[in-house]
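Dear colleague,

I am passing on the structure we talked about, with some notes for you to read beside it. Please open it first and keep it in view as you go through the rest of this message.

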Amino acid sequence: MLTLPITLTIAAGVVIGGSLFAGEIENETMACLEMLPTRRWKIWWIKLAAGLVMTLVAGTILLSLGTFLGAFGSSTQRIWVVVGAILMLVAFAWGAFGST
């Protein structure tokens, strides 16, 4: 039962991070974004920030649900929540940078 919330949190990080730019390339809307009258890095940072917020919300919900259901146990609960949050952020980074 311990691995389910952690695995779902990692999967959420990878999926959200991976869909940031891959969807733009697949739908052929990246050229439209690059033609906007602003710097390209601003668009990338805004997309990364939005993805990070979505990842944090999804991870918070999943880790809270795992805590509520008692998946982490009582003595090691805080450690597993922190480990899950770190793994979620690493998975988001790998997904985001792998999709570009």
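Below are notes on the first helix, on one residue within it, and on the aromatic rings.

Please bear in mind throughout that this is a predicted model. Helix α1 covers residues 3-26, 24 residues in total, and from its first C-alpha to its last it reaches 32 Å, which is close to the 34 Å expected at 1.5 Å a residue. The helix carries a kink of about 40°, centred on Ser 19, and just after α1 the residue Glu 28 adopts a positive phi of about 60°.

The buried residues of α1 include Pro 5, Ile 6, Ala 12, Ile 16, Leu 20, Phe 21 and Glu 24, together with Gly 13, Gly 17 and Gly 18. As for their partners, the buried residues of this helix pack against α2 (30-34), α3 (40-68) and α4 (77-98).

Thr 9, which also belongs to α1, deserves a separate note: its relative accessible area is 0%, and because buried means under 20%, Thr 9 counts as buried. Setting aside neighbours within four places in sequence, Thr 9 is in contact with Gly 59, Leu 62, Leu 63, Gly 84 and Met 88. Between the C-alpha atoms of Thr 9 and Lys 47, which stand 38 residues apart along the chain, the separation is 20 Å.

As for pairing between aromatic rings, the count comes to 1 aromatic pair.

Definitions and conventions: Residues numbered from 1 in each chain as written. Predicted model: local features only at pLDDT ≥ 70, side-chain atom pairs only at ≥ 80, totals over all residues. Heavy atoms only, no water. Phe/Tyr/Trp six-rings, centres within 6.5 Å; stacked < 30°, edge-to-face > 60°. Helix = DSSP H or I, 4+ residues; strand = E, 2+ residues; numbered from the N terminus. Expected span 1.5 Å × (residues − 1). Bend = angle between axes of the 7 residues up to and from the residue. Buried < 20%, exposed > 50% of the residue type's maximum accessible area, 1.4 Å probe, protein only. Contact = heavy atoms within 4.5 Å.
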